[in-house]
Amino acid sequence: MPIPAALLSFWRPYWQRFLARRHPVESGKVRIRHQRLYILPTLYGLGFGMIFITMLVGALNYQLSLGFFFAFLLLGIAHAILLRTYANLLGLQLSCGTPIPVFAGENAYFPLTLLNEKRQPRFGVTIQARQQAESASTHIPGQDHQLLALPVQTRLRGVLALPRLTISSTMPLGFFRCWTYLVLDGVALVYPQPEPDPPPLPDHGTLSDGKKMQASGNEDFAGLREFQRGDALHDIAWKQSARTEQILIRQHQSPIGATLWLNFDELAGLPVEVRLSRLTAWILQAESTQRPYGLALPAQQFPPALGHDHLHRCLSALAQYPGGVT
Amino acid sequence: MTPSRLRLVSASDLQWLGGALALSCFPHLLEQPLWLALSLAAILLLLTRLSADQRARLPRYSHLMLGAVVAVLVFQAYHTLVGREGGVAILMALSIVKLLETRTLRDVRALLLLIFLLSGMALLHGQAPWQAAYALLSTLAALYVAQRIELDSTLPMGINLKISSRMILEGIPIAILLFVLFPRLPAPLWAIPDHLSAKTGLSGDQMTPGSIGNMIQDESVAFRVSFKDQAPSQAQMYWRGPVFEDFDGISWQPAYGRNSDQNTLRFQAVPQIIGEGEIYSYSVTLEPHQQSWLLALDMPTQIPANANLSNRLQIVSNQVVSEKKRIALSAQLSWRTVNDSPHQIERSLLLPADLNPKSRALALGWAHLPPRQRVAAALNWLRNNDFSYTLSPPILSSRHRVDEFLFTHRQGFCEHYASAFTFLMRAAGVPARVVTGYQGAQQNADYWIVRQADAHAWTEVWYADQGWQRVDPTFVIAPSRITAGIGLSIDSSELPFMMRQDNAWLRTLRLKADVLVHGWNQWVVGYDQKRQNELLKKLGIDDFLSSAFLLWLMGGLLTILGGFAAWLLYKNQPPRPDAASRLFRRFLRKLAPLDKAASETAQAFAARAQAQYPHLTQHIKAITHLYLNARYGNDPAALQALEQAVRQMPRARQP
């Protein structure tokens, strides 16, 4: 329906505020209640209404008794469909889990659990987060639950709260659209976007004793260890492996690697977000090449280490670095 | 606009759609001229067989061309594209063509709406119970296919069918309520030029000896009659139809033709009927005969609304009877008419000159008698001259047909006798005219059936003191025709099944079925403004603006809609958990705000709860153990212990 854009933009803040008041943030398992369930006919449903009116006028004109009955039957059927569409969402329970952190620009997938306590299945439940192009839709069998990963596009680093959801359904026949708004308290951590083409790791980094150190790459051979999943193929020491009947991995231990410090302050001259973005890229690079790294932020320091937990801690710190817009 | 409306629909779904369209078109195709029906059915069949892929390869302009072709075909058949016949045909034809370009969900939805419309419009062709059942069936098919396509065919067939039929069942209470209460209009909203389909029945244009004899083979019902109190005897049931006055030697024609100037004359100088004796009140449920005259028991004393008495004492409706119509009437079986127009009486003496000289000579022999005795003399002459009543009389072909009948063949049917007798009366100087209609009826349960085969013709003569009076010459020839019905007066093998006298159980069965049909006609099909008023009066509703009407409407709607809503809320309640689960929930509440996830097992939760509230470890362990035993171990003792344990457990956090 064409509503003048100016009018729309004038009312939008009021409307949003109204919705926010009416649908506050809810935590845990949220049950869709009838007070907050809305329903309106779709274009298709209005078309069905036109068929009803046509039948009614025809029956009036030709004085067809059964024509009246048929027209009213269409109305009765529409009513039955209205109730079914409404019942399709009524009582559905939703809860949101914690999504896996993502880098800014990627989709964060919020894991939603849809629990159906009814015996009847619920069809075509569509969930769309506010201002998102993508939606997810699913059928939930009777007395069962369904897991759904709802994609939400991220643009900025930080903590992303799950936007207000619109849960809608037009099933079973598409004549009516029934919907409700739901604000669940799910949050996703969004790491800064890694710089696409970052400069090489800061080889001019300082040693732990404060001296400048020399860059010598990661060529120094430090020993062998057993193969672990995830090791790069080119690190396999084929000759030694052949001898020992074990797959062995060459470990490189460059002196720089042990003491790679990624320092926020050393990137002076760059805007904050760019610095964070470059640090992110470096951390990923260091992690992928298995070089222990430390992260120094003005307020926080993470001593050099490797591994998933360390990576997550560092990236979280970058994501939550003050000044960012969430 | 959601992208899902542009979703492509699978080939099998489209075939289902084609099937539903075929089902809804079938009753319409039956009504079309054969060649049109065949060509449309062929297109439909072909389209249903084509897969979506094959159809996608057809060039775009092919739809337009096919559309134009069917439009021309329909125009060829009806010479119009609007109105009942042409409109239905073109709508159906274009729906069939629409199937060709149907690919996306949006197209499917548009076509489904047309299928709903076509299903309902099938009722234009007739409102018999089976036609209503068929409309329901094709609505069910449309709902089934709509649901199947909407759900992307994930729904098992049986469940879909169950849901679809329940939607219809749930729609019926609302349909009945609105059907009863929705105001009816006394007249159509606008007149639609209608292609008058040829119907069997009495002709109002002319009566030629032989024309009624042809109707004897037609056992279809002309109308049904319910008498309010007592019914007259069968011999007295003369159902008055068209009256004929002008004779040209071959056929009798009405005094006024069909054109409207002459028609207004029909209602001028209407004589008055003064009835005598018992008043019979009755109602007639008339089958559509595409004429404006109504059939009433001779003589009518009460004229229904929307109808007038013509100066030939014939009840004429304001509209053509194109639908089943129920009319309330009353009659008295003996009467006088006064204020007959002299012009009409003069006219009832006219005869074509120099025709039938022998008959004229015979009639002139009675001219010296008083009028009543002229009639008696003529009847006597018929009685004594070896006339016989037969369905297959020799065909009259000479110029002097009355002479030929009276003096050569002497075999005829009612219209031969009525025609000849009227001729004799006019020749003898008694004003006379031919009346056609039906005579007799067949009783079935509490009503009477009059069939086309009961068609009859008789004569009316005018006496100065009594006005127009009925004389039935057939009575003299075959008295049993009048007293016992046609079945006893004629050789049975000439008659249609339902008119025969040999009693067969099959006929009884058909009469039983007719009781149902009659009830259907009275209460469903014949439910018009008048019936509605009667019913509403019984409910205490005087008019549609009264508070009583609103009360009934609102009360009814609230009962039905509220009932559904209550049922919906009731159904939506989660099933009541068993005793062990209920106790476990109490235990969970005591641990609030700690929350158990739906996917978490009791044991996993217990571990978490213990970590959170170490001081409750004993309770949590015991309760979890008892719960698992009670719920899954089928241990009644555990249930009691669980209850006790839950009761004894302190709250995790005091409020």
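What share of the 655 residues of chain B counts as buried? The share is 49%, where buried means under 20% relative accessible area with a 1.4 Å probe, protein chains only. This is a predicted model, in which local features need pLDDT of at least 70, side-chain atom pairs count only at pLDDT 80 or more, and totals for chains use all residues. Residues are numbered from 1 along each chain as its sequence is written, chains are lettered from A, and side-chain values use heavy atoms without hydrogens or water.

**View 1. Chain B as a whole.** Chain B holds 24 helices and 17 strands. These are DSSP runs: H or I over at least four residues for helices, E over at least two for strands. Among contacts (heavy atoms within 4.5 Å) with a separation of 6 or more, 72% join residues 24 or more positions apart. Chain B exposes about 30500 Å², and carbon and sulfur atoms supply 59% of that area. The area comes from the Shrake-Rupley method with a 1.4 Å probe.

View 2. Residues 549–570 are 100% helix and 0% strand. Their end C-alpha atoms lie 31 Å apart.

**View 3. Helices H13(B) and H14(B).** H13 spans residues 401–409 and H14 residues 414–427; their axes come within 10 Å and cross at roughly 110°. Axes are lines fitted to C-alpha atoms over the stretch in contact, with angles from 0 to 180 degrees between N-to-C directions. The two helices are therefore roughly perpendicular, a label for 65 to 115 degrees. H13(B) contributes Val402(B), Phe405(B) and Leu406(B) to the contact. H14(B) contributes His416(B), Tyr417(B), Ala420(B), Phe423(B) and Leu424(B).

Methods
Buried < 20%, exposed > 50% of the residue type's maximum accessible area, 1.4 Å probe, protein only. Parallel < 35°, antiparallel > 145°, perpendicular 65-115°, else oblique.
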